Amino acid sequence: MSLSYSGPVPGSRHSALVSPAPELEGLLGQIQRGSADSTEAQERLGKLLEAVVAIGSNLDLSAVLGKVLESACLLLGTRYGALGVLDTTGHRLADFITYGVSDSERAAIGDLPHGGGVLGLLIREPSTRRIDDLTTHPDSVGFPPGHPPMRAFIGTPVRVHDTVFGNLYLCERLDGTTFSEQDEVLLEGLAAAAGIAIENAQLFRRVQGRQEWAQVVAELTQTLLEGRNERSALARMVKHAREMGGANVGLLAVQDETGRLGVQAMEGAELPAYPQRLELHSPRWPILLRERVPLLLMAMPGDRHVGELASELATVAGLDETGACALVPISVGAVEVGILCLLWATDRRGDARETMELLTPFAEQMGLAIEAGRAQRQRGRARLLEERDRIARDMHDHVIQRLYAAGLSLQAVARHTQDGPRERIENVVDELDLAVKDLRHAIFELHQQLPEGGLGPEIECLIGRFAQNAGYIPDLAIVGSLGEVPPELEHDVLAVVREGLSNIARHSKAADAQVRISVLDGLVVTIQDDGVGIPRKASLRGLGNLQCRAAAHGGVFSVSARIPSGTLLRWRVPL
């Protein structure tokens, strides 16, 4: 009987190869697989850290959201991804950012989802979900026509502090496998980093917003203190507030001396041309202005308007529905200036809350600027009236008396001269009489009070004075907003209207006249009548002044005859 020995030979220097036992083979396999898993885990952890760094490298919110979605898809190796941003109610999607879907595919899909089906499951129950096959899940509602096929799914909420900002949705791994627990851990880690990056971007946007609002306040305050047209400055105030707040319509209602609220400026909707006046009639407006409490009204799902006040504003602005409405009273001390209103459509309600934080101090600062500008204009008007009174006294006490004395002297000389020279002296005396009459008329104009409210009321005042002497009221048409007229052109416009009406009164013998001011294609002032026209011997000194005023601004001036009778005066300068 022979024996075989498979172990090492005693005393030998070499040992034979032996086959490991089955248990040992299993243990070695686990060690090898663990080593491989450890290497893969380290690689994915490195990719996660790279994604976190990439997400936090930008402070623009839209760029951060796009980077979060891209990093998630690259980290988990998915073909498709989406980031759904919740609205202010937290129950619906306000924005839906996609990855891996082409523009043509998005167009074929149609409207973006609002939070139904499996997407709504994460909204109702904000926790990480892994689904191997979407088509068999009980909450699945199917895909719309043109939607790419998707089965494997993983989703997790993105939180900013304790508030769910939105949800990350990933579908279809590139290797065709389903999502694992490790994928779930990685996605949750990325979502946590995304929440921090989103919060930083939101804070940065708020700081930028405050700086922009402060810059606008400074600009408009300077405009008002420089004494420029208040209506134009208020229109710019509403325009800036609407644009920075992302609102559909901005509106400012100013209280007049009778307590009525008239729409002074409106942006985002067509405001009727001056002098038509829009007013807010609800009895709740005076209460709101008196209480001085800002209100932010938000529509509930299914509602088209947010109460009586928002409904009236929507009617004035021509909106079919209102999702949110901000009402901010503007007051300074005991003075109630008006109410600043912003309106958002239903799909833009998310901008309303953030804007309200900045709109209230903005309105307070603008109230101070408006009152400071009005006070400065009052002081300027007082100084101007004092100067006009002084000039009128000097003209009456010195210039007119000297002209009158010169006329008397000429009349005395004329009595001792021959017929030819006497006639020429009498003509000079007549010219002096006309000069005295013109000076007295100028003195009377200097003593007239300046109208309030800007260019429009001043033009109406000129027409009113003309009507008192002519016996009829000329037609006035203003096309566009007079707030577009720069302050440096306002005096020229008044001079054109004044001179045109003066010529009609003195020379035309007209029974009707029209004044038209347009700002649609440059600044155009036309004045026409149905009279006999300007006599050939009439002095054209005033019309020459209008020609100079037009040329100084790069414009043109013309006077032509109308058919069958009358005169047409046209003064145009570019804006």
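**Close-up views of a predicted model**

**View 1. Strands β13 and β14 pair side by side in the antiparallel sense.** Strand β13 (residues 513-518) and strand β14 (residues 523-529) are joined over six bridges. Strands pair if DSSP finds at least two bridges between them. A513 has D529 of β14 as its bridge partner. Strands (E, at least two residues) and helices (H or I, at least four) are DSSP runs, numbered from the N terminus. This is a predicted model: local features need pLDDT of at least 70, side-chain atom pairs count only at pLDDT 80 or more, and totals for chains, interfaces and linings use all residues. Residues are numbered from 1 along each chain as its sequence is written, and side-chain values use heavy atoms, with hydrogens and water left out.

**View 2. An open sheet of five strands runs in the order β12-β13-β14-β16-β15.** Its pairing is mixed. At the edges stand β12 (475-479) and β15. Each has a single partner strand, so one side of each is left without a neighbour in the sheet. Direction ignored, neighbouring strands of this sheet are turned by 10 degrees against each other on average. Helix α12 (residues 487-508) lies across β13, β14 and β16. Helix α12 runs at about 10 degrees to β14. Axes are lines fitted to C-alpha atoms, for helices over the stretch in contact, and angles run from 0 to 180 degrees between N-to-C directions. Contact means heavy atoms within 4.5 Å.

**View 3. A cis peptide bond joins I563 and P564.** Omega is about 5 degrees. P564 sits in the loop between β15 (556-561) and β16 (567-573).

**View 4. A second open sheet has six strands in the order β8-β7-β6-β11-β10-β9.** The pairing here is antiparallel. The edge strands are β8 (279-280) and β9, and each pairs on one side only. Four bridges link β9 to strand β10 (residues 324-332) in the antiparallel sense. M298 has A324 in β10 as its bridge partner. Helix α7 lies across β6 (249-255), β7 (261-267), β8, β9, β10 and β11 (335-344). Its angle to β11 is about 110 degrees.

**View 5. Helix α8 (residues 307-317) has buried residues that other elements cover.** The buried residues are L309, A310, E312, L313, A314 and A317. Buried means under 20% relative accessible area, exposed over 50%, and partly exposed in between (1.4 Å probe, protein chains only). The cover includes β6, β7, β8, α7, β10 and β11. G318 follows α8, and its phi is positive, near 80 degrees.

**View 6. Two residues other than glycine, E172 and R292, have positive phi.** For E172, phi is near 65 degrees. E172 lies in strand β5 (residues 163-173). This residue is buried, at 18% relative accessible area. For R292, phi is about 60 degrees. R292 lies in the loop between α7 (284-291) and β9 (295-298). At 33% relative accessibility, R292 is partly exposed.

**View 7. Helices α2 and α5 pack with their axes within 9 Å.** Helix α2 (residues 61-76) crosses helix α5 (residues 181-225) at roughly 170 degrees. That makes α2 roughly antiparallel to α5. Angles under 35 degrees count as roughly parallel, over 145 as roughly antiparallel, 65 to 115 as roughly perpendicular and the rest as oblique. From α2, the contact uses L61, V64, L65, V68, S71, A72, L75 and L76. From α5, it uses D183, L186, L187, L190, A194, A197, I198, A201, Q202 and R205. The contact residues divide into 14 nonpolar, two polar and two charged. Ala, Val, Leu, Ile, Met, Phe, Trp, Tyr, Cys and Pro count as nonpolar, Asp, Glu, Lys and Arg as charged, and the others, Gly among them, as polar.

**View 8. The structure holds zero disulfides.** A disulfide is a pair of cysteine sulfur atoms within 2.5 Å. The sulfur of C325 has its closest cysteine sulfur in C341, 6.0 Å away, too far for a bond. C325 is buried, with a relative accessible area of 0%. C461 is partly exposed, at 25% relative accessibility.

View 9. Of its 575 residues, 39% are buried. Among contacts between residues at least 6 apart in sequence, 62% join residues at least 24 apart.
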